[in-house]
Structure formats: structure tokens, C-alpha cells
Amino acid sequence: MTAPSDPIFTLPRGVRLKWDAVRACHVLLGPERALMLDDIGHAIMTELDGASRVSDIAARLAARFSAPVDVVQPDVADFLAGLHAKRLLEAR
Amino acid sequence: MMPNPPIAMLAELTHRCPLACAYCSNPLDLIAAKQELDTETWARVFAEAAALGVLQIHLSGGEPAARRDLERLMAAASGAGLYTNLITSGIGLTRARLEALVDAGMDHIQLSLQGTNAAVADRVGGYKGGFDRKMALAEAIADLGIPLTLNAVMHRQNLDDLPATIEMAVRLGARRIEVACVQFQGWALKNRSALQPTRAQVTCAKEIVADATERLSGVLAVDFVPPDYYADYPKACMGGWGSTGLNVAPDGRVLPCHAAEIIPGLTFPNVRETGLAAIWNDSAAFNAFRGTDWLPDACKSCARVTRDFGGCRCQAMALAGDPFAMDPVCRHSPHRAKVDALLAAEGRNEWEYRMMPARKV
Ligand code: SF4
Ligand code: SF4
């Protein structure tokens with residue numbers, strides 16, 4: 001099953017963001033996984049609101065970081081698809 | 001130099017277990033119930049772990065459900081801010097207990113699978129009726145929406161059932177399956193010759209895993225732990241000894257690895273006497289094989305050293321009789337011939353069941 005072309009990604013139960021005070025960074029926690037997020041990764045994750053498509057998120061981040069959307073969108077899509085393949089996100 | 005903080009902690013709440021798996025990797029000397037840490041001590045250890053930087057806790061055993069205070073332990077671990085994973089055979093859990101565990105903050109369950117049908121599973125686990133109870137529990141887990149990983153320990157006797165095992169994971173709604181070939185530690189070492197897969201099985205399993213990974217992308221994540229002995233190079237020891245994780249035994253001793261007891265000369269500090277941070281940062285056991293300075297020269301000058309850190313210390317001890325040796329699985333090891341001889345010789349089909357001391361009488 002591959003994700004639809006411009007999916008809505010959501011965090012499933014059992015996967016969550018946490019501020020790691022010891023390492024002073026944001027982490028994504030899931031079964032057997034702890035991913036340290038950089039600022040961009042964290043910015044993408046906090047855009048997951050259950051309603052936005054990848055293109056919506058890319059547009060908002062492009063505006064926020066004053067970057068061209070056609071540069072931002074592939075990065076956002078790759079990042080989220082990678083997490084989806086690891087079953088850390090749901091897609092619809 | 002201060003080591004990086006640990007990411008994961010395995011809390012072996014008890015060695016008690018209703019199953020008697022032939023592949024059990026727990027030590028040969030099991031810890032009795034009366035020596036187990038009490039609820040309050042575990043709760044303190046969980047809080048110390050979180051403060052030290054542990055992000056994930058695995059509540060394990062033996063069978064953790066054998067602890068009647070499991071729900072309170074779960075609440076303490078979750079309350080400390082840890083991501084909580086319950087590693088269970090399912091025996092001793094009920095729907096009501098599952099609900100209580102969810103209320104206590106359980107994030108995830110890892111359910112072990114001994115086989116895909118009652119005949120095989122109950123033979124491997126040495127527990128009649130275990131399979132049916134496990135399936136009933138798996139349904140309750142799915143019904144309650146609890147994130148599930150199926151943990152299939154594979155060996156010669158069941159590796160041919162791998163496709164059925166993967167299909168079962170999908171049917172049970174698991175998000176992840178861990179296909180782990182038996183690691184020969186603890187009890188499993190006794191049964192190595194009956195459990196060691198054949199080379200043909202391993203090759204076939206790799207293909208099945210590759211196909212499933214692709215076909216089930218987004219449905220089921222497949223993690224495969226291939227058997228060591230057939231590899232040319234060893235696996236890294238959990239990202240390096242004392243670098244990512246720690247184990248707390250039922251009696252409170254803290255080990256860098258659950259099999260570390262076979263290494264002579266190491267003494268393991270106990271959380272009853274020493275704080276977890278001091279154990280992690282300063283104890284001789286945790287510093288014994290940190291970094292690469294202690295390694296033989298052949299490893300130090302090898303390009304793979306930062307990947308595998310010379311491999312598994314317990315395997316070096318078990319097969320080469322020297323915990324400082326390079327892992328005998330390595331092609332460069334002077335002991336590699338022993339590993340090959342073992343592979344050629346294994347062929348027995350019986351095994352010895354894991355017995356709790358009390359069940360021997
Ligand atoms: S020493 Fe061996 S058994 Fe222990 S954690 Fe490392 S690889 Fe695993
Ligand atoms: S020589 Fe040492 S470092 Fe190199 S692959 Fe073998 S065990 Fe690993």
C-alpha cells in the first residue's frame with residue numbers, strides 16, 4: 001500500500017513528540033524508536049494537525065521560512081514519507 | 001570523559017514465567033520472587049532513569065504479568081515521562097488488566113509469538129493452551145487499539161513458517177513485526193544445535209523479508225535480525241557497550257547487557273545501593289568495554305570498528321573464552337573456524353525446556 005499522492009499524515013496512537021530536557025532537543029518517540037529532531041523536522045511535525053495535506057504544510061513552512069515552495073515541498077514530502085514507511089505516521 | 005546518556009532501559013521485573021521457551025536468553029541462574037525489587041524501588045529507578053536521559057522503558061521479564069503490581073509499575077514509569085513498552089507472552093494478562101495498563105499510560109505492547117499454530121507454539125513454549133490464550137489476548141489488544149509489535153523469535157524449527165508469521169501480524173493489526181533469529185545467549189546456548197537455522201533457511205528468510213518490506217510498506221514495518229553465525233562480520237553490540245542502553249535485573253543489579261553475567265570479573269552495581277547515574281557514568285562494569293581502546297589491534301586498525309565495535313562481548317566469552325577477543329563470528333577472528341565447525345555439526349532435534357527452579361521438583 002503506497003500513500004496517496006498528496007496525503008494527510010497523522011500521528012497514530014503510540015507515537016508522540018517529546019521535549020528531551022537532558023539532550024535539549026525534540027524527539028519523536030514510537031515503538032523501539034527515538035528520533036532526535038532538528039528544528040526543521042520539529043517544525044514539520046508540529047504542522048501535522050490532522051487536516052493539512054503535504055502541500056498545505058509545505059506552503060505554510062515556505063511562507064514561515066521565506067523559502068520557495070517548490071524547494072520545500074519535496075523535502076517535506078520525503079521526510080514524512082520516510083516516517084510513514086517506518087509506520088510512525090498514518091496516511092490518508 | 002562522561003558517556004552519552006542512555007536512551008533505553010530494560011526493566012526485568014521478574015524472572016518468573018509460565019512459559020519454558022527453549023530459546024530463552026535469560027541467565028541460567030534465575031532470581032527468586034523474594035529477591036525482586038518492590039514497587040517503590042522500581043518507581044524510584046524509573047524516575048532516576050528519566051532524569052539520566054532514558055526515553056524508552058521496556059517492562060519485561062520473565063513474564064512481567066507475573067508481577068501483581070504491574071499496573072502500578074506502569075503508572076510509575078509513565079508518570080516519570082518515559083515511553084512505555086510492555087514485552088509479554090500474553091499469559092497472565094486479561095482484557096481487564098490491559099484496560100488498566102492503558103489507563104496507567106502504556107504506550108505500546110510487544111507480544112511474543114512462539115509459532116503460528118497451537119501445535120508448534122505450544123511445543124516451543126512448553127505450555128499447552130498458551131497459543132489459544134495468546135490469540136484471545138491479541139484480539140483484545142486490537143479491539144482496544146493498543147499499538148502492537150509482534151515479536152517472532154525464529155529458529156530452525158519455525159523459520160519455514162515465516163510467510164505465515166508475517167500474514168498473522170497483518171491479520172492481528174500489528175504495526176511492526178520483529179523477526180528475530182535466536183541469539184545464542186543464556187538458556188538458548190544449551191539448545192543451540194536444535195535451534196540453529198540452516199544456511200538455506202537464512203537465505204530464503206532474507207528474500208521473504210525483503211519482499212514483505214516492500215509489499216507491506218505503510219501497513220507493517222518488518223525488522224529482521226539475522227542469525228549471527230552465518231554472517232561474515234559481527235553485529236554491533238547494542239550500538240556499543242554502555243552507549244545506548246542498560247538492563248536492570250529483577251534483584252536490582254544493573255547490567256550493560258542482559259547476558260553480561262557470563263563475563264567473569266565484572267561486578268554489577270545494585271540500584272538498592274547506588275544511584276543509576278553513578279552506575280551508568282562511573283561503574284567499572286559499564287566502563288569495561290566502552291570506546292575502542294580495549295580492543296585487539298586487529299579491530300583497532302579495521303575500517304568496520306566504528307560500526308561493530310568488535311562485536312558481542314558475550315559471544316567472545318562464550319566462543320573464544322575471552323571477553324576482550326574480537327567476536328569469533330568475524331572472518332578475521334582466529335576462532336572463526338570454531339563457529340564454522342559448529343554450523344557444520346549442528347543437527348540435533350530435541351531440546352531442553354527452560355524450567356523455573358520450582359518446577360523441577
Ligand atoms: S555484549 Fe553481546 S549480548 Fe550483550 S548487548 Fe552486546 S551484543 Fe548483545
Ligand atoms: S576485525 Fe574487529 S572491527 Fe573489524 S569486522 Fe572484525 S570484529 Fe569488527
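Entry 1. I started with one pair of side chains. R33(A) and D223(B) meet in a salt bridge, with 3.7 Å from N to O. I checked where the two residues sit. The pair crosses between chains. R33(A) is in strand β4 of chain A, residues 33–37. D223(B) is in strand β7 of chain B, residues 221–225. I noted that the model is predicted.

Entry 2. Which residues are linked in a network with R33(A) and D223(B)? I found R176(B) and E178(B) linked with them by salt bridges. I reminded myself of the general idea. Side chains of opposite charge can pair when their charged atoms come close.

Entry 3. I moved on to a pair within chain B. D232(B) forms a salt bridge with R331(B), and their closest N and O atoms are 2.7 Å apart. D232(B) lies in the loop between β7 and β8 of chain B, and R331(B) in the loop between α13 and α14, so the pair ties together parts 99 residues apart in sequence. I looked up the accessibility of each partner. D232(B) is partly exposed at 38%. R331(B) is partly exposed at 36%.

Entry 4. I took one more pair. The side chains of E261(B) and R253(B) meet in a salt bridge at 3.0 Å, N to O. Here the partners fall into separate classes. E261(B) is partly exposed, with 33% relative accessibility. R253(B) is buried, with a relative accessible area of 18%.

Entry 5

Entry 6. I turned to chain A as a whole. I listed 3 helices and 5 strands. From the N terminus on, the order is β-β-β-β-α-α-α-β.

Entry 7. I checked size. The C-alpha trace of chain A spans about 35 × 35 × 20 Å along its principal axes. A compact globule of 92 residues would have a radius of gyration near 12 Å, and chain A has 13 Å, which agrees.

Entry 8. I looked at burial and surface. Buried residues make up 40% of the 92 residues in chain A. Chain A exposes about 4700 Å², and carbon and sulfur atoms supply 56% of that area.

Entry 9. I finished with charge. Chain A has 11 positive and 12 negative charges, and their mean positions are 9 Å apart.

Methods
Residues numbered from 1 in each chain as written. Chains lettered and ligands numbered in written order. Predicted model: local features only at pLDDT ≥ 70, side-chain atom pairs only at ≥ 80, totals over all residues. Heavy atoms only, no water. Helix = DSSP H or I, 4+ residues; strand = E, 2+ residues; numbered from the N terminus. Rg over C-alpha atoms; globule rule 2.2 N^0.38 Å. Buried < 20%, exposed > 50% of the residue type's maximum accessible area, 1.4 Å probe, protein only. Areas by Shrake-Rupley, 256 points an atom, 1.4 Å probe, with all protein chains shown as cover. Lys, Arg positive; Asp, Glu negative; His and termini not counted. Charge placed at Lys NZ, Arg CZ, Asp CG, Glu CD. Salt bridge = Lys/Arg side-chain N within 4 Å of Asp/Glu carboxyl O.
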